[in-house]
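Subject: The structure we talked about

Hi,

Here is the model I promised to pass on. Please have it open while you read, and my notes on what I found follow below.

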Amino acid sequence: MTIKVAINGFGTIGKRVADAVDAQEDMEIVGVTKTSPSFGCQLAVRKGYPLYCTFDEEDKIAAFAGAGYVCKGGLSELLSICDVIVDCSPGKVGAENLEKYQNAGVKSIFQGGEKHALTGKSYTSSANHIENLGVNCTRVVSCNTTGLSRTLVPIYELVQGKGSISVNSVMIRRAADPGDSSKGPINAIKPVLKVPSHHGPDLMTVKPEIDITSLAVAVPTTIMHLHAITVNLPLGHGLSTEKVLETWKNTQRVIVMNGTKNKITSTAEVMELARDIGRKWGDLHEIFVWEDGVSLQDNTLYYFQAIHQESDVIPENVDAIRAMMETETDWKASVEKTDRAISAYYGI
Ligand code: NAD
């Protein structure tokens, strides 16, 4: 069975999810939407993705032809030919879209800009694939929460049965995506004056067993978020810094590297490494952990990790499709399949 996937909102996340889906043998892109005929349409045309309008109004659909694009119809037509729609619209417009998907009887996946309450289910591959099997609607959590899940779930599993873990995390966030001219700050460090920030608690929507809180600040960079994380482990945890590192080195979608030895001491070099890997847009789907920034002292584990905000959630969307369609029950097998196909797609 080939799963027919539509993308609603062909922006930063949408165009990446489209390629990741296109790379898979068990799925195909049946259409992507744009709100109006802007430059992003050219990419859809070049990739051969059928182009639809986000809306059903005839004048909005006709505007595409006026700009020289073939638009195959409105959202309703796209919904009539897909099994699942990945909503990549800007945050907070989801509620209106969800109603349309439900009326059409189509399964849907939302992104981290929407609240958990919209879908009642959230998703990361490592935390709760199994709980998403067969659901009609879910939300792939934000880039930050996905990053927290990647490294904290394996730590939770290491000490499972020995007691609980609690986590304090500080999110040092990029101000804007590289293609975004409307956000800031450009000359300030801006704390999120809502304490705790939503990022940590959002992890509990996929892994409620991890007690976590977070603070966040935005800084003037467009490349990556950085997390400074403190994990309080249970007494008698039996772990060492080496054991934690070995675990992450064997964890899918986590890269552990020595910053000092490899001269990779900031997010700038991490992004250069990503460009060397060769995925489109210089994407880094993995979470990057600095080996020499990890230290376990008594019952407290300290570490830093870097998150490529535009791309770590991309392969999770592919796994989420398999969970909803119940075509792969084992999350590790899905991750393996997704990542192998993406590597082959880019010839890396
Ligand atoms: P974006 O602004 O780059 O793209 C959004 C696209 O949706 C645009 O093409 C826009 O024209 C289109 N759109 C506008 N209104 C729409 C509607 N009503 N229905 C459908 N499409 C509509 O935004 P993005 O960065 O791709 O973010 C999309 C979602 O992904 C948000 O929920 C965001 O929070 C989340 N997310 C973003 C990042 C990131 O770093 N950019 C990371 C993780 C998650």
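Let me start with a pair of strands: β8 and strand β11 (residues 225-232) run antiparallel and are joined by seven bridges. Within this pairing, Asn168 has Thr230 of β11 as its bridge partner. On naming, helices (H or I, at least four residues) and strands (E, at least two) are DSSP runs, numbered from the N terminus. Two strands are called paired if DSSP finds at least two bridges between them.

Two notes on the source before I go on. Residue numbers start from 1 along each chain, following its sequence as written. The model is predicted, so local features need pLDDT of at least 70 and side-chain atom pairs count only at pLDDT 80 or more, while totals for chains, interfaces and linings use all residues.

Back to the strands. β11 also pairs with strand β15 (residues 300-307), again in the antiparallel sense, and here there are eight bridges. In that pairing Asn232 faces Thr300 of β15.

There is also an open sheet of seven strands, with parallel pairing and the order β3-β2-β1-β4-β5-β7-β6. Its edges are β3 (51-53) and β6 (122-123), each of which pairs on one side only. Thr33 is found opposite Tyr52 of β3.

Now the ligand. Which residues come nearest to it? Of the 26 residues around the ligand, they are Gly9, Gly11, Ser89, Gln111 and Gly113. A residue counts as near a molecule or strand if its C-beta atom, placed from the backbone, lies within 6 Å of it. Helix α1 (residues 12-22) gives the largest share of this shell, with three residues. By class, the shell has seven nonpolar, 16 polar and three charged residues. Here Ala, Val, Leu, Ile, Met, Phe, Trp, Tyr, Cys and Pro count as nonpolar, Asp, Glu, Lys and Arg as charged, and the others, Gly among them, as polar.

Next, the helix packing. α1 also crosses helix α13 (residues 314-325) at roughly 55 degrees, and their axes come within 9 Å. This makes α1 oblique to α13. The axes are lines fitted to C-alpha atoms, for helices over the stretch in contact, and the angles run from 0 to 180 degrees between N-to-C directions. Angles under 35 degrees count as roughly parallel, over 145 as roughly antiparallel, 65 to 115 as roughly perpendicular and the rest as oblique. The crossing of α1 and α13 is right-handed; a crossing is left-handed if the near helix is turned anticlockwise from the far one by less than a right angle, and right-handed if clockwise. Arg16, Val17, Ala20 and Val21 of α1 meet Ile314, Pro315, Asn317 and Val318 of α13. Two residues are in contact if their C-beta atoms, placed from the backbone, lie within 7 Å. The contact of α1 with α13 comprises six nonpolar, one polar and one charged residues.

α13 has a contact with helix α14 (residues 331-345) too: their axes come within 9 Å and cross at roughly 130 degrees. α13 is therefore oblique to α14, and the crossing is right-handed. From α13 the contact takes in Pro315, Val318, Asp319 and Arg322, and from α14 Trp331, Ser334, Val335, Thr338, Asp339 and Ile342. These fall into five nonpolar, two polar and three charged residues.

Another pair is helix α8 (residues 143-159) with helix α10 (residues 241-249), packed at about 125 degrees with axes 10 Å apart. Thr151, Pro154, Ile155 and Leu158 of α8 contact Val244, Thr247 and Trp248 of α10. This contact has five nonpolar, two polar and no charged residues.

Finally, some backbone details in the loops:

- Gly184 is joined to Pro185 by a cis peptide bond with omega near 10 degrees, and Pro185 sits in the loop between β8 (166-174) and β9 (190-191).
- The bond between Val195 and Pro196 is cis, with omega about -5 degrees; Pro196 is in the loop between β9 and α9 (199-203).
- Arg253 has a positive phi, near 60 degrees, and is not a glycine; this residue lies in the loop between α10 and β12 (254-257).

Happy browsing, and talk soon!
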